[in-house]
Structure formats: structure tokens, C-alpha cells
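Hi,

Here is the structure I said I would pass on. Have a look at it first, and then read on for what turned up when I went through the side chains.

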Amino acid sequence: MMWNNANRNITPLTGNPLMLRQSLVVTAFTLLTLVAGGKFSGAAGADELSKVPVFSAGESGYPTFRIPALTATRSGALLAFCEARTGGDWSRIDIVGRRSTDGGATWSPLRKIADVPGAHAKNPAALRQRGVQPDEITYNNPLVIADRTNGAVHLLFCLEYARCFYQRSDDDGQTYSAPVEITATFDQYRPEYDWKVLATGPGHGVCLASGRLLAPVWLSTATGKNVHHPSVITTVYSDDAGQTWQRGAIITGEREPLIDPNESQAVQLADGRVLFNIRSESPPNRRAVATSPTGIDAWSVPTFDEALVDPICMASLCRLTTTADSDRNRLLFSNPANLERAQGAVTPGGSRDRKNLTVRLSYDEGKTWPVSRVLEAGPSGYSDLAVAPDGTIYCLYEH
């Protein structure tokens, strides 16, 4: 799929004028020094962040842009993806993208990325909800993986939360292969878990040192609220550079120890294990974590990380450095770190206001998070982190 006007046209869309107009911006900073108060500081010691709008509400007729996915390629190009929405989760949605070759200062024109040929049917589960239109087809949950072995870019996305597709780029995100359906991989779960809704990521997956491509996913039987509940989490993976995809083991079910676990992030630890960081609706309102020696099976029982408060929102987790390329191991984590709610009662496991987007730093592979920096004190939601080859940290987030 080409990044050019000849091959991709954006059709103007109209949406509910009362709907929140949400944009995505990218912020960049360099982690070179640690100053008093546990704040990240840039090379010159300044506390300023470079913030650039990437997807702006109302652009090309889309009232809302949500669900960010970001990666830095081996050459240093930044690839940003998101959902261009006309309404809520089941409205007409396109997956769009932009590319930057100057560290996020400027971006290529908006391009529609996911486009599956043929007629498409609305997910039957969605039609049980009030206001869902059967002719509004939704593409959802972009998940991008930068291949550390060959420089390829791998993209997974969903259609109607019912089908999953895969695309690949071998030219630094300038063109993509035609979408290939991999829903059959998810059908392998049905004897164990008869899902009606599937979702990749969202955000970024991970390429392990072995070359394995690993994508966090979640599944739902769609018998609970908003058709996304209850849910379980798992991974799908490829050991042949994206040619085929296999299912991993279900990490945890619908209930204890986690209630409705869903959007998760993965990172490979220095000892080779895979750390999973999990969103759920459990009473502690904390992120949960589990580990696996392979990223596909033998998962530990999830436990809550008391340092990572969670208003019930997608978060991001990524590797910054290892002792192989720096003086120490470093992991990064971002989410809206808030447990307050401006209106209504606060209940255990209930949602809080999405604000105070914060990035945290760990020196001990996620055991503790002693350093933090607020990127956006006000309303802010989903985020995705990426690290360029020069060590610059980027965060694409909802604002």
C-alpha cells in the first residue's frame, strides 16, 4: 500500500457534533540526566518538551482520532497509526497513518492504511447495542511491530472486532503489502473460549531477541456491558517473520485474579523472559503484571503493581536501554496516572478521569518505578511509546 495521494484518498466524514473532539500529539524528549524531584531532563537541562500535533480533530472530516500506535524503524523513521472515528467504538472507523523522517517535527499527509476488499458485515454482537448502525463498518486496534532482525514493519488490525488482518512493509513504512486475513489463528481459541469479539493490542507489539513477533490480544464472549465484556488476554505470535501466525496460551480468564483483563503491553526482560503489563477492572485500580519464559505459555499468576495506578485505560511499555548498549537496563511506562473522578462515586475497580499522562522509568526491569515525568497534566488518555535509534523517546497520546 503506497503512501501517496494516487493510491489513497480520504473520504470526508461527518459525525455527532456533540461528541468530544479528540486529537493525538507526539511529544519527544531525551533521557540524559536525572534532576532533583525525580524528573526527566533533556540534554540542555531544560524542562521543555517538544509537542507536535499528528492527528488533529476535524481533519479530513474526522471529528475524533483515537487509539494510537507508534514505532521507530531501524533507520529512525517514525510511523504513527490511529483510528479515525466518526463516533464511538462501533461507528464508521478508518485506520490512518503518518510517517516522519525528521524526528517528528513534520509528518506526511494523512493516509488510510487498512482497506480490505469486498463486502463487510457488521459484527452481530454490536447490533445488540442501541444506536449501532449496520452499515457503519469499523476498522480497529492498529498494532505495529518493528522487526529487529531485518528492519521490516509488521502491522495487525481488526475489522469489526471480528476478523484480524496482517500487512508488512519492507521499505521503512512507505508501502505495505495487501492485507492477509489471519482470523483462523483466533479461531483456534474457540474450543477453549468461544469469543465473539477479538482485539489486537492496541499500540505496539515486540520482536524478541529470537526474532519471534509477539502481539498482545484480548478476546470477549460479548455477553457483558458494551459487548467488550467479559474478556481474557493472550498473545499471537509468528516465528517466520509474519508469514504465519499461531496462538499462545490464555494468560488469565474473565475473573480472579483479574476482572475483565484486556488491553496489554509486552516487553522482553534482560534475562529473556517476557513481561506482560495488563489493564483490568479489578478493585485495586492498579496495572497487573505477569511473566513468561517464551511470551506464549507458562505465564505466572498475574499480580498487581502498586506503583502503577490505573484509571482503567490503555498504557504503553517499552525498552529504552540494556547493559549491552548502555550503562544499565531501563524500561519506560506511560499511562494517565490518576485515581480521581470529578463526578460520581469512586468505586473499587471503577473508572477514573483520564488525565495526568505520566511516563515512568525503571532501572530494575519493572520491579520499581522511581522516576516519573508528567507529559500532560490535563485530559489525556491512550498513549504509545517508541525509542529511536539515537535514544530519543517519543510518546503519541490522546489529548
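**Charges, rings and a core**

The charged end of Arg190 is placed over the ring of Trp195, 3.8 Å from the ring centre. Keep in mind as you read that this is a predicted model. Arg190 also belongs to a salt-bridge network, together with Asp187, Asp194 and Lys196. There is another arginine over a ring elsewhere: Arg66 lies over the face of Tyr382, at 4.6 Å from the ring centre.

A polar atom of the Asn123 side chain lies 3.2 Å from the backbone oxygen of Lys196. Is Asn123 buried or exposed? With a relative accessible area of 3%, Asn123 is buried, because anything under 20% counts as such. If you set aside neighbours within four places in sequence, Asn123 is in contact with Trp90, Glu160, Tyr161, Ala162, Lys196 and Val197.

Two of those contacts, Trp90 and Val197, show up again in the largest nonpolar core. That core has 25 residues, and the ones touching the most other members are Trp90, Val197, Leu214, Phe276 and Ile278. Which strands each supply at least two residues of this core? They are strand 13 (197–200), strand 16 (213–220), strand 17 (231–238), strand 20 (274–278) and strand 21 (286–292). Strand 20 gives the largest share, 3 residues.

On to the aromatics. The structure holds 9 aromatic pairs. One of them joins Tyr139 and Phe157, with 6.0 Å centre to centre and 50° between the planes, a tilted arrangement. Tyr139 is in strand 9 (residues 139–146) and Phe157 is in strand 10 (residues 153–159), so this pair ties together parts that are 18 residues apart in sequence. Both Tyr139 and Phe157 are buried. Ring pairs also link Phe55, Tyr62 and Phe65 into a cluster.

Last, the salt bridges. Side chains of opposite charge can pair when their charged atoms come close, and a search of the whole structure finds 22 salt bridges. Arg85 is worth a click, with two partners to look at. Arg85 forms a salt bridge with Glu83, where the closest N and O atoms are 2.8 Å apart, and Arg85 meets Asp89 in another at 2.9 Å, N to O. Asp89 has a relative accessible area of 26%, so Asp89 counts as partly exposed.

The bridge between Arg330 and Asp327 has its closest N and O atoms 3.0 Å apart. Here the arginine is buried, as Arg330 has a relative accessible area of 13%, whereas Asp327 counts as exposed at 58% relative accessibility.

Cheers

Methods: Residues numbered from 1 in each chain as written. Predicted model: local features only at pLDDT ≥ 70, side-chain atom pairs only at ≥ 80, totals over all residues. Heavy atoms only, no water. Phe/Tyr/Trp six-rings, centres within 6.5 Å; stacked < 30°, edge-to-face > 60°. Helix = DSSP H or I, 4+ residues; strand = E, 2+ residues; numbered from the N terminus. Buried < 20%, exposed > 50% of the residue type's maximum accessible area, 1.4 Å probe, protein only. Lys NZ or Arg CZ within 6 Å of the ring centre and 35° of its normal. Core = buried A, V, L, I, M, F, W, Y, C linked by side-chain atoms within 4.5 Å. Polar contact = N/O pair within 3.5 Å; in protein donor to acceptor, adjacent residues only side chain to side chain. Contact = heavy atoms within 4.5 Å. Salt bridge = Lys/Arg side-chain N within 4 Å of Asp/Glu carboxyl O.
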